[in-house]
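User: I've got a model to go through. Can you put it up and take some quick questions?
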Amino acid sequence: MSWLARILSGALAVACAGCLVIFQGGSLEQSGRSELQTPRQVDSAMKAFFVDGSTAVFPSGGHITEDSILGDGTLYSLGLADTTRVTALPLDALVGIEAFQGSTNGPASFLASVSLTAAAGFGSVVLFKALFGSCPTFYTATADGELLQAEAFSYSIAPLLEGRDLDAITLRPDADGVLRLELRNEALETHYINHLDLLAVDHAPGTRVIPNDRGVPIGVVEEVPPLDAIDGSGRRVLSSIHASDDRAFASLDERIANTTSEDPSDFVELTFPRPASEDAVLVLRVRNSLLTTVLFYDLMLGQAGVGALDWIGRDMARIGTVVEMGKWFQESMGMRVEAHDGDGWVEVGRVPDTGPIAWEEVGVRVPVDDGDVVRLRLRFLTDAWRIDRVSLGKATRIGGESRIPIARVIDDGVLVDDSIIRRMAVPDDDYLATYPGTSVSLEFDPTSQRPGLERSYLLASQGYYTEWVRPEWLRGAQEPEIFRPGEDTVEALMALWLSKKDDFEADFYSSKIPVR
Amino acid sequence: MTARRDVSRWLGISLVVGALLGTTGCAIRSGINPAASPVADSPHGATVVVDWRGPDTLHVRDRAELIAVADTGVILLHDRVLVYYPVGARGVFRVRGAPGVSVIDMRDPDPIDLVDVAPYARHPFGLDSGALDRLLATLGRDNVLVRRLP
């Protein structure tokens, strides 16, 4: 077992070398016994290490003479079981001393070297182009190849922002009677998955089962497309939002350029034929544009430069910062659904941001007033959304849903330990962490289906992720500044978005981290 | 353990690490104030959040204490068990409170990162074999758990 000798010797070599390692903004001086210069006054925290494995800590420093260390300290035995207050210790059995010098830098930047590690793992070419991100992605295999089904808990960018997500997915048992989903991490992010399972909903044929804006499954029937659709620029956009064809609504560049903090929104006004019922469900097939991603990457992290490390590692761990961010996001982001009550527009629902990768279907219950038509309006931060399809339907009762837990996880053809499944079984303090390039197959055993009914599946997920700070973010900033949402945030965001959106969109979707 | 008497390797690796330290001495690394590290006034080593992936498991997250570091691997203390992660193991360490270096991927760690993080171990200057035996005894163990390579 040569490793042991090596680790012992390697560590001891530090003492032999007796070097000085200086960190920016402060220093850690490490001196082996033979290199120690005396007498010496140390005014910062100091630790002394002895041959028998004991350690002495002098929080306020001390004085080192030719044969002793003097100061108020505590001597800890090997294993730390015993402690003794000391004021002087002999140097004859000393291995070395560490002195922790103070200075002006801030607290821990826990991602400080992530970018360097990433560069080693993936190569600088991939790294510098790695724009893709924002969440775990889920795929299914089809006869035509893989199909992106969902992205989970988008924009849950810190532990305190951990979110739940519910996504309608198209899933059928394979030839073995097993439901399979592939879970991937295709971004330079660490994903922390707390909970993951399927919801199975049995329902009458012809029913669309989707989550509503509060994350609850609902059934919709008798959908009709809008009669008309006009955006905030006065453009007729019906052809863009009429069908699920990936021809989607986007705001005009002129509208983006004229967006201000006082008038931050674009909108799409919809006219539907009045249904017979007193309320209806507005069905949306939407996803975010990359505007929110630019906000995150460039304004929050990129312009913060080195400060981004502190923002992620420290500020986003503070409830105050998260509340501030959450309030700003609540006010600025998401899609508001408004209904015209005859006198004016009344907000009736709000669709949270869904992420920029997968199309997501969501339903919002809306009132139906007297008249021949129903007038609804989608209002959102200019160009923050892509709208692929809009329809108005009738809510219908669906049977109770059943939960299907993960039965097996297959990693590169190998069945993995059940402890991995347990980490995703319930929302608790246990997480499964995945890193860029991860791809595993999740297998579910379907429950029996009620006779005469169809079945739909939804993917329920909970977790958060942390972004890997890119080298160019650290290098690019001239005057690092921690992001704080302010009055000029919208103007800065729109100017930035307008300048880079075309290239960014092209690069983003082509820069996924390759998976195994 | 015979390894504890492997003096020739001891000397060879000492020279390697010594050379590394020599070339990196006084290196400027971006990071935090070392005096702000919780390690500064504690006998413990830095806390390490370990995301480990074995030959037949997915990632498992553990919290451990950094005990000693060398160019060949890292020893952590987890639940009163000394665990050795050799270089090449599929483990990622998030080291809390170690300025400059905070994440080490043991599959292919930068030797400089190992050198930088070593001072934040409980025993930055290492332990001789006798001290290791005594440490194991205080923990009620007679050996170190070695993480297998994938």
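User: How many helices and strands does chain B have?
Analyst: Chain B comes to 3 helices and 8 strands. Helices are DSSP runs of H or I with at least four residues, strands runs of E with at least two, numbered from the N terminus. The model is predicted: local features need pLDDT of at least 70, side-chain atom pairs 80 or more, while totals for chains, interfaces and linings use all residues. Residues are numbered from 1 along each chain, chains are lettered from A in the order written, and side-chain values use heavy atoms, without hydrogens and water.

User: In what pattern along the sequence?
Analyst: Chain B reads α-β-β-β-β-β-β-β-α-α-β.

User: How much of chain B is buried?
Analyst: 61% of its 150 residues. Buried means under 20% relative accessible area, exposed over 50%, partly exposed in between (1.4 Å probe, protein chains only).

User: Which way does β19 of chain A run against β24(A)?
Analyst: Antiparallel, over 8 bridges; β19 spans residues 279-288. Pairing takes at least two DSSP bridges between the strands. Leu284(A) stands opposite Val390(A).

User: And how many bridges join β16 of chain A to β24(A)?
Analyst: 4, also antiparallel, with β16 at residues 217-224. There, Gly219(A) has Thr396(A) as its bridge partner.

User: Where is Asp369(A)?
Analyst: In the loop between β22 (360-367) and β23 (373-381) of chain A.

User: Buried, exposed or partly exposed?
Analyst: Asp369(A) is partly exposed, at 36% relative accessible area.
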